[in-house]
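Reader: I would like to go through the labels on this structure one at a time. Please set each value against its cut-off.

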Amino acid sequence: MMIRALLALVTAFLSVGAAGQTYPNKPIKLVVGYPPGGSGDFLTRLAADELTKELGVPVVVDNRPGAGGNIAHDLVAHSPADGYTVLNAGHMAINRALYKTLSYDPDKDFAAITRVAIGPTVICVNNSLPVKDLRELIAYAKENPGKLFHASAGYGSAPHLASVLFESVAGIRFTHVQFKGGGPATQSLLAGDTQVNFATAPTVMGFVRAGRGRALAVSSRHATPAAPGIPGAEEAGLPGYDFTFWFGLFVPAGTPQAAIERLHAAMVKGLAKPEVREKIALQGMDAKPSASPAAFEAEVKKETPYWEKLVRESGAKVE
């Protein structure tokens with residue numbers, strides 16, 4: 001009996017070890033809370049391609065737009081913690097401050113893998129708006145309070161908060177029009193239905209280069225090599241304004257550490273490729289993976305009070 005019990009224990013141990021060694025052995029779903037066309041979608045598809053190459057299994061993108069990313073966050077938070085459902089998201093602490101109730105806990109329901117990229121938003125205007133630079137935009141907004149329509153990527157999105165902080169620092173007020181992502185918001189700007197758009201660079205850089213919209217500044221204090229030719233807010237005439245955002249990968253809490261480490265290593269390897277870094281740079285962002293899952297987790301926790309304070313002080317809320 002003791003021998004059979006010992007053999008059973010050894011067999012179970014070997015099975016667990018084999019399972020860990022063979023991860024992943026089936027397709028992985030990479031969920032993003034925004035529709036095609038925005039920075040979240042761009043980075044998700046790039047990450048999926050690189051993870052597919054490094055892991056040897058298909059990584060399939062699943063767009064779940066709406067509610068400032070909450071639909072996607074909820075889906076992943078309540079998915080099996082087996083490493084086969086991954087989330088690409090930004091600062092989830094924003095939604096906790098923005099929404100009265102959430103169906104998930106940003107602190108307890110996720111395990112961090114790595115940051116993917118970081119960058120500023122781009123402050124763009126429709127070509128028909130009679131302003132040539134950031135100072136003129138601020139002056140025009142002050143002369144026409146509430147008459148400039150701002151195309152927002154959705155309540156709680158990085159572009160939304162970038163614009164809210166801009167209004168606070170510049171002492172102006174836009175009329176916000178909410179869309180379900182950066183792509184639809186940018187299309188509204190290009191069509192002339194709205195006049196101002198704080199957009200993630202992948203969403204608008206192609207249109208800016210083609211002359212279909214004008215970029216007045218980036219939302220970081222200084223210019224970034226990732227968006228050549230576009231001044232930072234300080235150079236453009238608004239000192240004291242500084243806003244950047246990131247996207248990173250998460251899995252449900254309780255996911256085996258071996259799977260988390262495997263995903264981290266694969267993403268870091270993919271982001272180290274010069275051609276991948278160039279693709280991200282061409283979209284106005286910088287590839288910036290975290291040193292480890294633990295390091296990314298610590299960064300997220302450290303930033304949480306800042307984002308919650310920004311939401312509270314801005315007065316931003318879901319209507």
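Author: Tyr 104, Phe 110, Trp 246, Phe 250 and Phe 296 form one aromatic cluster. The model is a predicted one. In total, the structure holds 13 aromatic pairs.

Reader: Why is the pair of Tyr 104 and Phe 110 called edge-to-face?

Author: The ring centres of Tyr 104 and Phe 110 are 5.8 Å apart. The limit for a pair is 6.5 Å. Their planes stand at 80°, and edge-to-face requires over 60 degrees. So the pair is edge-to-face. Both Tyr 104 and Phe 110 are buried.

Reader: What makes Tyr 306 and Trp 307 an aromatic pair?

Author: Their distance is 5.1 Å centre to centre, and pairing needs centres within 6.5 Å. The angle between the planes is 80°. With a cut-off of over 60 degrees, this pair is edge-to-face too.

Reader: Is Tyr 306 buried, partly exposed or exposed, and why?

Author: Tyr 306 has 43% relative accessibility. Buried means under 20%, and exposed means over 50%. Tyr 306 therefore counts as partly exposed.

Reader: And what about Trp 307: buried or exposed?

Author: Trp 307 has 4% relative accessibility. The cut-off for buried is under 20%, so Trp 307 counts as buried.

Reader: How do you know that the charged end of Lys 26 sits over the ring of Tyr 84?

Author: The charged end of Lys 26 is 4.7 Å from the centre of the Tyr 84 ring. The distance limit is 6 Å, and the charge must also lie within 35 degrees of the ring normal. Lys 26 is assigned as sitting over that ring.

Reader: Why is strand β3 described as largely enclosed by the rest of the structure?

Author: Strand β3 covers residues 85–89, and five of the five are buried, so it is largely enclosed. Thr 85, Leu 87 and Ala 89 lie on one side. Val 86 and Asn 88 lie on the other. In a regular strand the side chains alternate between the two faces of the sheet.

Reader: What makes β1 and β9 partners of β3?

Author: Two strands pair if there are at least two bridges between them. β1 and β3 have four, in the parallel sense. Here Lys 29 stands opposite Thr 85. Three bridges join β3 to β9, and these run antiparallel. Leu 87 stands opposite Phe 250 in β9.

Reader: Why is Asn 126 called buried?

Author: Asn 126 is in the loop between β4 and α5. Its relative accessible area is 9%. Buried means under 20%, so Asn 126 is buried.

Key:
Residues numbered from 1 in each chain as written. Predicted model: local features only at pLDDT ≥ 70, side-chain atom pairs only at ≥ 80, totals over all residues. Heavy atoms only, no water. Phe/Tyr/Trp six-rings, centres within 6.5 Å; stacked < 30°, edge-to-face > 60°. Buried < 20%, exposed > 50% of the residue type's maximum accessible area, 1.4 Å probe, protein only. Helix = DSSP H or I, 4+ residues; strand = E, 2+ residues; numbered from the N terminus.
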